[in-house]
Amino acid sequence: MLRKFKITIDGKDYLVEMEEIGGVPQAPIAPSPVASPVTATPVVEAAQASVAEPEAAAPNIVPAGNDAMTSPMPGTILKILVNVGDEVKENQPLLILEAMKMENEVVASANGKVTGLHVTLGQVVNAGDSLITID
């Protein structure tokens, strides 16, 4: 399925067509009118508004060891698809990570059992942060 995207680089607009390979088919989205540029809110205020104490949000978060899977990029945890104790297979989706307004699946690197979740829904993570442990 070909999808069209409008990308702005250094003030110049480009129309790009991309073919989606794999993933879950989605209904086509009607094109929206081009909006004028909006001034972004300061990053410091946005970051301070989203900071939460992980222990307060979910007391069952387990501290990560060196064998934990790490985040491939900075983003926000949208969905957690497994629980501690679940058996998983290689390439099985574990988490949905939103980065740059795109949903990315974090998949199991090997067969095993989930022994630790190190994130909560809505948590902002950086590249290299521990996400989940599979033994």
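Buried means under 20% relative accessible area, exposed means over 50%, and partly exposed lies in between (1.4 Å probe, protein chains only). H118 counts as buried because its relative accessibility is 9%. H118 sits in the loop between β8 (112–117) and β9. Its side chain makes a polar contact of 2.6 Å with the side chain of T133. A polar contact is a pair of N or O atoms within 3.5 Å; within protein, one must be able to donate a hydrogen and the other to accept it, and residues adjacent in sequence count only if both atoms are side-chain atoms.

This is a predicted model: local features need pLDDT of at least 70, side-chain atom pairs count only at pLDDT 80 or more, and totals for chains, interfaces and linings use all residues. Residues are numbered from 1 along each chain as its sequence is written, and side-chain values use heavy atoms, without hydrogens and water.

Now the sheet. Strands (E, at least two residues) are DSSP runs, numbered from the N terminus. Two strands pair if DSSP finds at least two bridges between them. Four strands form an open, antiparallel sheet in the order β7-β6-β4-β9. The edge strands, β7 (102–107) and β9 (124–125), each pair on one side only. Six bridges join β6 (residues 93–99) to β7. P93 has V107 in β7 as its bridge partner.

There are two salt bridges, each a side-chain nitrogen of Lys or Arg within 4 Å of a carboxyl oxygen of Asp or Glu.

| Salt bridge | Closest N and O atoms |
|---|---|
| K4 and E17 | 3.8 Å |
| D13 and K6 | 3.4 Å |

K4 is exposed at 58% relative accessibility. E17 is partly exposed at 47%.
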